[in-house]
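Dear colleague,

Please find the structure below, followed by a short account of what was found in it.

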Amino acid sequence: MDFVSSFTSRLQCRAPDGAFAFGIEEEYFLVDADTKAVVEDVPKKFFEAASVATKGRSSTEFLQPQIEVISSPQRNMADARTELRYLRRTVAEVAAEHGLAILAAGTHPTASWRNAQQTEKARYDAVMQDLQMIGQRDLLCGLHVHVCLPDPHQRVDVMYRMLPYVPLLLALSTSSPFWQSRRTGLKGYRLAAYDELPRTGLPDLFRTEEEFDAYVAALVKAGVIKDSSYIWWAIRPSLANPTLELRAPDSCTLVEDSIAIAALYRTLVRHLWVNRSCNRDLDAVGRAIIVENKWQAQRHGVHATFAGRDGALSVGEMLERVIADTAADAAALGSTAELNRCRTIVGSGTSADAQLAVFEAERQCGDRARALRAVTDWIAAATLE
């Protein structure tokens, strides 16, 4: 979705009080309303009806059992929360009219990627031709957060300085402990599957827009990609929008978690913009440590221990440091309450923790299939809480 078209002028991203406008994209699974199993072939009439009902703020995704919603450009968290609840509810109502329901999670607990059908679209045809089986396995749903900077030409500078925080943002979102009806042992399996794709994972240490543009130009000249929209890093400068786009998080089951993570990311963008020296000395060793911390976030979620040059740091400890460092930024953006919600996520656990708790409780009383069904029922209900 092109957020720019919703602004009266791109200059609004650059105005002091209009800076750091943001937008949220969420991807959901489309399931049978009764069984909560992924629907392999979704009727086009559903997507058309959903687009009309959401006033164009929903769209198809790469595979048919998925739908994406796209918020308007927002400047305060309360409006973003209201709109995201509206979009979830509206898509769910249209889905119900077609015998469907929506599930917000990074992976569907029982879906089989072998049965998923690709959405008919020229771009998707080209991507599937390139990716082959890896593309077929992309039955995954994420949360993407776009934030405008006062000067969009500085997005690459902020991107590389944002890298140390990506594992934290991922840990808070983890909602993908199951894959193909199996416990994966990971709280966030989604990126383990997604990072099979080329041009994913963490970006290299590009420090300027010129370096990033040179990289893209080389791939385009070689015929590898058409443009930078085919770069699917955990964080990237958006091609369609003048934004820095966070792509690492799983789709959050609870709306409040999505809003909290969006608020934390937006606060960090402002903090890095104001404090130009923050993380400017990030080097190859630092990036390698971040790659390890990303794995720890995938494996353990909010229970992870992160590595640092000064020793180990829990997710909770890192969050407290970030909240303390960015207090002025959160206050300026009106996001203090949402950052406090991040504390709640650490204390209570993510969707992955809740799913596993439901699974274990039901497994004590029944078989594996019944336990997995209880998990999908919980996700469906919690998505609309």
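Helix α3 is followed by Gln-132, whose phi is positive, near 55°; helices (H or I, at least four residues) and strands (E, at least two) are DSSP runs numbered from the N terminus. This is a predicted model, in which local features need pLDDT of at least 70 and side-chain atom pairs count only at pLDDT 80 or more, while totals for chains, interfaces and linings use all residues. Residues are numbered from 1 along each chain as its sequence is written, and side-chain values use heavy atoms, with hydrogens and water left out.

Within α3 (residues 122–131), Tyr-124, Val-127, Met-128 and Leu-131 are the buried residues, buried meaning under 20% relative accessible area, exposed over 50% and partly exposed in between (1.4 Å probe, protein chains only). Because they cover an arc of only 100° around the axis, they lie on the same side of α3; the arc is that of the directions from the helix axis to the C-beta atoms. The exposed Ala-122 and Gln-129 are carried by the face turned away from that buried side.

Arg-88 belongs to helix α2 (residues 77–97) and is buried, with a relative accessible area of 1%. Its side chain makes a polar contact with the side chain of Glu-26 (2.8 Å). Such a contact is a pair of N or O atoms within 3.5 Å; within protein, one must be able to donate a hydrogen and the other to accept it, and residues adjacent in sequence count only if both atoms are side-chain atoms. The backbone oxygen of Thr-253 lies 2.7 Å from a polar atom of the Arg-88 side chain.

Yours sincerely
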